[in-house]
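Hello,

Here is the structure I promised to pass on. Please look through it first, then read my notes below.

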Amino acid sequence: MNLVKICSLSVVRLTLSLQILYVEAFQYAFLKFWTLDPNPPPFPTNNTNRAFIDLILKHSEDYPKHWPHRYEFRLRIALGPAGDLMMTSRIRNTNTDGKSFTFTFAYHTYFYVKDISEVRIEGLETLDYLDNLKNRERSTEQGDAITFESEVDRVYLSTPTKIAIIDHERKRTFVLRKDGLPDAVVWNPWDKKAKTIADFGDNEYKHMLCVQAACVEKAITLKPGEEWKGRQEISAVPSSYCSGQLDPRKVLFSY
């Protein structure tokens, strides 16, 4: 099976688990069918080694209560030869009544980790964040990295374009790169919250971490004809990688 077919078969899972357009109803995009663009625009010439597909979500008369505006949401999912995953989202206001609309956005990215207590996140230290466990109280990260000993549900603000999720037990680091998404959501429910989530195993919190590239603090407003673009790329590199020290592309491709 070639890489294009693998990419195509993975689309539904990736779309449903990683992509939500935040509107009046939280899971609006979960309830819609996406269409596959049979003739998507080509990739830039320097990225021709990626297999990719484009999914499109448009306004539907079936959900006027949730989202009464007309729009086109194009999601490009691309896989690189080393297994890196890139998702590029474009949202365009196609209203014909002259009305603008406003939204916030996040990729819902769940990472499998060996032991959450042995995981650290680098790249968010010293930044301000909104603590959802304290009614979105604004605080400043004090540690030299984020580690986990209890429930965490935070929105880090004005974050860098590169974040590292270091899994010491698996000797692996996920590198998350992003554009157009200034914020980052970090979430783990820990033991008590996990037991209250219907589709979440009591002990699954030990092996997961949610780090979302997002635009939450300052909502995006589009006038008719305007388009917003956001991008996220995820790659896995050896555990010797530390944010700010090595370029993960050099680690991956040895150049």
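**What I found**

Ile121 touches Ala145, Ile146, Phe148, Ile163, Ala164, Ile165, Val186, Leu209 and Val211, leaving aside residues up to four places away in sequence. Contact here means heavy atoms within 4.5 Å. This is a predicted model: local features need pLDDT of at least 70, side-chain atom pairs count only at pLDDT 80 or more, and totals for chains, interfaces and linings use all residues. Residues are numbered from 1 along each chain as its sequence is written, and side-chain values use heavy atoms, with hydrogens and water left out.

**The cores**

Ile121 is among the residues with the most contacts inside the largest nonpolar core, which has 50 residues. Phe103, Leu124, Phe148, Ile165 and Leu209 are also in that group. A nonpolar core is a set of buried Ala, Val, Leu, Ile, Met, Phe, Trp, Tyr and Cys residues joined through side-chain atoms within 4.5 Å. Buried means under 20% relative accessible area, exposed over 50%, and partly exposed in between (1.4 Å probe, protein chains only). Strand β16 (residues 208-222) gives the largest share of this core, eight residues. Strands (E, at least two residues) and helices (H or I, at least four) are DSSP runs, numbered from the N terminus. There is also a second, separate core of six residues, including Ala106, Leu157, Val185 and Ala214.

**The strands**

Strands β13 (residues 162-167) and β14 (residues 172-179) run antiparallel, joined by six bridges. Two strands pair if DSSP finds at least two bridges between them. Lys162 stands opposite Arg177 in β14. The hairpin of β13 and β14 has four residues between the strands, and Lys171 there takes a positive phi near 55°. β14 also pairs with strand β17 (residues 227-238), again antiparallel, over eight bridges. Phe174 has Ala236 in β17 as its bridge partner.

Is Ser89 buried or exposed? Ser89 counts as buried because its relative accessibility is 0%. Ser89 lies in strand β5. Its side chain makes a polar contact of 2.8 Å with the side chain of Tyr107. A polar contact is a pair of N or O atoms within 3.5 Å; within protein, one must be able to donate a hydrogen and the other to accept it, and residues adjacent in sequence count only if both atoms are side-chain atoms.

Asp84 lies in the loop between β4 (71-79) and β5 (85-93). Asp84 is buried too, with a relative accessible area of 4%.

Best wishes
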